[in-house]
Amino acid sequence: MKPAIKTASAPASPATGERAALPPAVWRADQFERSSTPGLASGFAALDAELPGAGWPIGALTELIANEPGVGELRLLVPALRQLTRERRVVILLGPPHIPYAPALAGFGIDIDYLILVEALQAADRMWAVEQALRSASFGALLAWLPHERTRPEHLRRLQLAAHGARGPVFLFRGAKAQFEPSPAPLRMLLQPRAAQRLSVQILKRRGPLSVAPQLIDLPQPAHTIRLRPGSSTPASPERSLQTIHPRPDEIRSPALQ
């Protein structure tokens, strides 16, 4: 009696075997990260197509890096802020270099009743306030301007861990030098102003394939210009302003952030 002939099945191809064996939480470098939480739409279809989750990440840091403030970074976020405030979700602006002009924000359709401005002049105060805001996780979005000279990698790691519980996107505005430094933020972008009210957006880091060519974004324009007083050449005084919070100095004493 002849022994039974053992047949060996052909090894599974990488496209079927290896990929099928990967758990959902693991992503390959040539694919976008698979997330159970979709991103918040940026308002720019071409940009959303380049972002994992098809929008701004929820519960994670997004770094917006520019040479100087005022290149169009806030206007890039106008569609998202407009959507969040219309849904009556609070947006926190923490430590901006200049106080945002409320009538201009309202001109973009943003409901300023749902904007809160947190002023923290000292670097340690600002880092403490950012971490406390992340721990609260009760905001629609957090926009924070970090002091470059006092922001260290361990600070960013703490913020990224704290951001996991957030129900909205977290944007960190950083100076140009930050692009050459390591960061745990899963999404990093370099912003550069261009002519004709445009903004160049280059994705430096994302959980997906390498992005090479920067995108040219047409920045939103306000629905109307600033109204003038009748018979006057000076702008009318704004009737509404942003809610402002000043952290208590006696509370801002976290040794880990000094």
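What share of the contacts in the chain with a separation of 6 or more comes from residues 24 or more positions apart? The share is 67%. The model is predicted. Its chain has 258 residues, and 43% of them count as buried. Seven helices and nine strands make up the secondary structure. The chain exposes about 14400 Å², and carbon and sulfur atoms supply 56% of that area.

**The sheet**

- The nine strands form an open sheet with mixed pairing, in the order β8-β7-β6-β1-β5-β4-β2-β3-β9.
- At the edges are β8 (215-218) and β9 (243-245), each of which pairs on one side only.
- From one strand to the next, the twist averages 25°.
- Strand β1 covers residues 61-66 and strand β6 covers residues 187-194; the two pair in the parallel sense over five bridges.
- Ile65 stands opposite Leu190, a residue of β6.

**Helices on the sheet**

**The buried side of α4**

- Which residues of α4 are buried? They are Val78, Pro79, Ala80, Leu81, Leu84 and Thr85.
- These buried residues pack against α3 (73-76) as well as β2, β3 and β4.
- In an α-helix there are 3.6 residues a turn, so residues three or four places apart point the same way.

**The α6 and α7 pair**

- A pair of packed helices is described by the angle between their axes and the distance between the axes.
- For α6 and helix α7 (residues 153-163), the angle is about 20° and the axes are 8 Å apart.
- Angles under 35 degrees count as roughly parallel, so α6 is roughly parallel to α7.
- The crossing in which α6 passes α7 is left-handed.
- On the α6 side, the residues that meet α7 are Met127, Val130, Glu131, Leu134 and Arg135.
- On the α7 side, their partners are His155, Arg158, Leu159, Ala162 and Ala163.

- Ile245 has a relative accessible area of 42%, so it counts as partly exposed.
- Leaving aside neighbours within four places in sequence, what is Ile245 in contact with? The residues are Ile116, Leu117, Val118 and Glu119.
- Ile245 and Leu94 lie 151 residues apart in sequence, and their C-alpha atoms are 9.3 Å apart in space.

**Two residues with positive phi**

- Arg88 is not a glycine, yet its phi is positive, at about 60°.
- Arg88 follows α4 and lies in the loop between α4 and β2.
- Is Arg88 buried or exposed? Arg88 is exposed, because its relative accessible area is 65% and the cut-off for exposed is over 50%.
- Ala196 is another residue other than glycine with a positive phi, near 60°.
- Where does Ala196 lie? Ala196 is in the loop between β6 and β7 (198-205).
- With a relative accessible area of 63%, Ala196 is exposed.

Technical notes. Residues numbered from 1 in each chain as written. Predicted model: local features only at pLDDT ≥ 70, side-chain atom pairs only at ≥ 80, totals over all residues. Heavy atoms only, no water. Helix = DSSP H or I, 4+ residues; strand = E, 2+ residues; numbered from the N terminus. Buried < 20%, exposed > 50% of the residue type's maximum accessible area, 1.4 Å probe, protein only. Contact = heavy atoms within 4.5 Å. Areas by Shrake-Rupley, 256 points an atom, 1.4 Å probe, with all protein chains shown as cover. Pairing = 2+ DSSP bridges. Axes fitted to C-alpha atoms, helices over the stretch in contact; angles between N-to-C directions. Parallel < 35°, antiparallel > 145°, perpendicular 65-115°, else oblique. Left-handed = near helix turned anticlockwise from the far one by under 90°.
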